[in-house]
Amino acid sequence: MTETGKGRTATVEIKNIGGIERLRIEFDEGTTLLSGENATNRTSILRAIAGVFGSDLATLNASADDGFVRLSLDGESYTRRLRRTESGTVRFEGDPYLDDATAPDLFAFLLANNETRQTVVTEGNLRDIVMEPIDLTAIEREITELRDELDGVDEQIERREHLQNERLPDLRSRRDHAQTEYEEVEAELETRQRELAAADRDVAESRSQREAVDETLSELKQARNERQETEQELTAERKAVQAAKERLADIKAELRELDPLDADRDELQRERSELWDRKEQLEDQIEQLQTLIDFNEEFRTDDASLFDAIESAIDVEAGSAVSRGEQLTKQLHSPDEEALVCWTCGQTTSRAEIEETVDALDQYRASLYEEYTDVDERIEAIETKIERLDEQRATRDRLVERRERTQQEIDRTERTIESLVDRKTGLSENIDDLEEKLASLETDEGYQRVIDRHKEVNELEVERDALQERLTDLEDEIETVEAELSELSDLEATRSEIREELQERRTRIERLEQRTIETFNEHMEALLERLDFANIERVWLERKEQSSAGRGDTETVFDLHVVRSHDDGTVFEDSVQHLSESERQVVALVFALAGNLAHEVHEKMPFMLLDSMEMIDATRKARLLEYFAQYHAYLIAVVLFEELDPVLDELGAVDVIEVTGDASELTP
């Protein structure tokens with residue numbers, strides 16, 4: 001419910017919209033009644049207001065090339081411009097209050113041809129009306145993106161659970177084993193070093209011979225260390241080439257699974273271009289037909305501004321006492337209420353014939369709109385094909401590029417392996433040579449023991465260094481795994497949030513449907529009690545699933561139930577079609593209010609517009625206006641002059657603007 005403050009004024013300036021040449025209106029917060037006779041442009045005012053909020057209900061004056069509506073509200077200004085193009089179509093420009101007026105068009109701008117009202121009255125698909133402002137494609141896209149995100153988080157959690165349950169225990173076990181081996185080797189090395197020192201003291205050898213042995217042993221140790229490092233590099237490179245070959249196999253499998261590129265993109269673009277041209281033609285035809293329909297409807301209602309426009313358009317005898325335009329205008333105002341003079345041919349016709357013509361034009365417009373919708377869907381299908389084709393080609397190009405890079409990586413790694421194998425072979429040969437050289441330096445039995453101890457110490461030092469390096473690597477990997485595991489709780493929280501968002505998207509439509517049903521039923525019950533319609537016991541909506549025509553699946557529908565009573569008190573279920581026009585319009589307006597509240601239109605739209613309520617009596621109209629006024633800061637309603645006093649008697653203190661059709665500035 002909107003809280004309305006005091007002293008808050010909205011100013012609307014209108015130029016060349018509908019039958020209005022220039023008009024400035026000030027609205028105070030609350031309810032404002034636009035009162036006056038027929039053909040005083042009250043509906044044009046409402047259409048103009050809708051236009052500045054982003055709707056396409058506003059129409060450009062037939063005799064003007066451009067017009068605008070400007071809204072000043074809360075220190076901000078919003079302007080919507082209408083310009084006639086060279087082809088005769090009208091283009092909307094400017095910065096309206098809302099970027100998307102779909103929901104207000106359905107649930108806040110409640111004029112005569114409002115789609116929601118018409119759908120209720122004709123017993124159309126109510127659920128489709130409620131869903132129309134919802135971008136179902138965007139919701140499906142969000143659901144897909146959330147699913148992908150959830151899959152990614154699940155994979156990360158699964159990986160960390162594997163690390164926690166299998167990898168980390170294995171690493172710790174290997175570290176403990178390596179630590180034990182290291183300690184054993186270190187202890188044995190210390191023993192051999194002591195034995196070497198003792199043997200060394202017992203042997204007296206020449207200085208030059210001792211230096212030769214030490215130098216050879218040093219070279220032997222270095223060669224063994226280098227071979228150990230080379231073996232580790234070989235192991236790593238062989239693992240890398242194996243992983244690269246597996247990736248290459250996966251890439252080739254993905255390429256084989258891709259659909260063949262059998263679509264011709266140029267042909268699709270050519271077809272799309274032709275459809276675009278046809279769509280523009282249909283837009284022009286539909287707009288021209290709508291202008292013609294509106295023109296005939298205004299002609300039927302004797303709109304004074306229409307006759308002024310005709311006179312302005314055909315009056316070429318400047319300075320004459322009675323112009324051709326004035327003569328024709330007098331002819332058009334036939335004294336017979338049911339007879340009119342056609343403004344184009346001058347023949348007398350009836351309102352019924354004009355209505356038949358308008359109906360025929362409207363049916364033709366509907367057929368063109370059906371074709372327009374079909375063309376639009378075909379364009380969308382082609383664009384989807386082009387997009388899918390571009391995605392396929394981009395995917396194929398990426399896979400081919402990855403395949404080439406991976407093959408190059410395999411080739412480089414295999415060359416590195418060959419080089420390492422050659423290096424290891426060379427080091428092994430060098431070690432053999434050094435061992436032979438060391439053997440040639442051997443002398444007596446005592447010194448032989450010294451040399452043997454040197455060899456043992458040398459080998460144990462190499463083994464110890466390798467174990468030390470392995471321990472360092474294991475400690476680093478354990479630290480990395482523990483760091484990843486520290487993120488597990490955050491990932492689980494993220495997964496929970498994504499699941500909640502996914503559930504929200506999946507149930508958003510169902511919740512919106514349910515909210516609409518509950519809101520309609522609540523307000524319908526309250527208003528039936530206030531409006532006191534005779535013989536109507538209850539009107540309510542029911543949401544249910546039914547089998548789709550021609551398909552095996554089901555669809556959601558809104559069933560509108562009407563329960564009436566006989567004079568003897570017995571009740572029976574009826575349909576909307578059997579209600580009076582007044583009752584049908586009330587039901588339609590309440591359904592629009594339910595959609596308004598379900599979509600929270602009242603939270604972002606300060607204005608609600610009401611027109612064409614002549615069939616509702618003054619007392620009920622006043623109570624309905626009072627009820628609707630709770631939800632928008634500004635409620636603007638059209639009331640005929642003759643019913644103004646009865647409405648005010650029931651409604652109380654509200655603002656009234658008398659519209660005469662020729663005022664340039666109006667205030668409450």
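Glu155 is exposed in this predicted model, its relative accessible area being 56%, a value that places the residue over the 50% cut-off for that class. Glu155 belongs to helix H5, and together with Glu145, Asp148, Glu149, Asp151, Glu158, Glu161 and Glu492 this residue forms a patch of negative charge on the surface. Helix H5, which spans residues 136-202, supplies the largest share of that patch, namely 7 residues.

From this gathering of like charges we can turn to pairs of opposite charge. Side chains of opposite charge can pair when their charged atoms come close. Across the whole structure, a search finds 47 salt bridges, and one of them joins the side chains of Arg270 and Glu274, with an N to O distance of 2.3 Å. These two residues stand 4 residues apart in helix H7 (residues 265-300), so about one helical turn separates them. Arg270 is partly exposed at 39% relative accessibility, and Glu274 is likewise partly exposed, at 44%.

In helix H12 (residues 488-531), Arg505 and Glu501 are also 4 residues apart, which means that about one helical turn lies between them, and their side chains meet in a salt bridge at 3.9 Å, N to O. Here Arg505 is buried, with a relative accessible area of 16%, whereas Glu501 is partly exposed at 35%. Both residues take part in a network of salt bridges that also links Glu142, Glu504, Arg508 and Arg511.

A further salt bridge connects Arg543 with Glu545, whose closest N and O atoms are 3.8 Å apart; Arg543 is partly exposed at 25% relative accessibility, and Glu545 is partly exposed at 45%.

How values were computed: Residues numbered from 1 in each chain as written. Predicted model: local features only at pLDDT ≥ 70, side-chain atom pairs only at ≥ 80, totals over all residues. Heavy atoms only, no water. Patch = residues over 30% accessible without salt bridge, like charges linked within 9 Å, V, L, I, M, F, W, Y side chains within 5 Å. Areas by Shrake-Rupley, 256 points an atom, 1.4 Å probe, with all protein chains shown as cover. Salt bridge = Lys/Arg side-chain N within 4 Å of Asp/Glu carboxyl O. Lys, Arg positive; Asp, Glu negative; His and termini not counted. Charge placed at Lys NZ, Arg CZ, Asp CG, Glu CD. Buried < 20%, exposed > 50% of the residue type's maximum accessible area, 1.4 Å probe, protein only.
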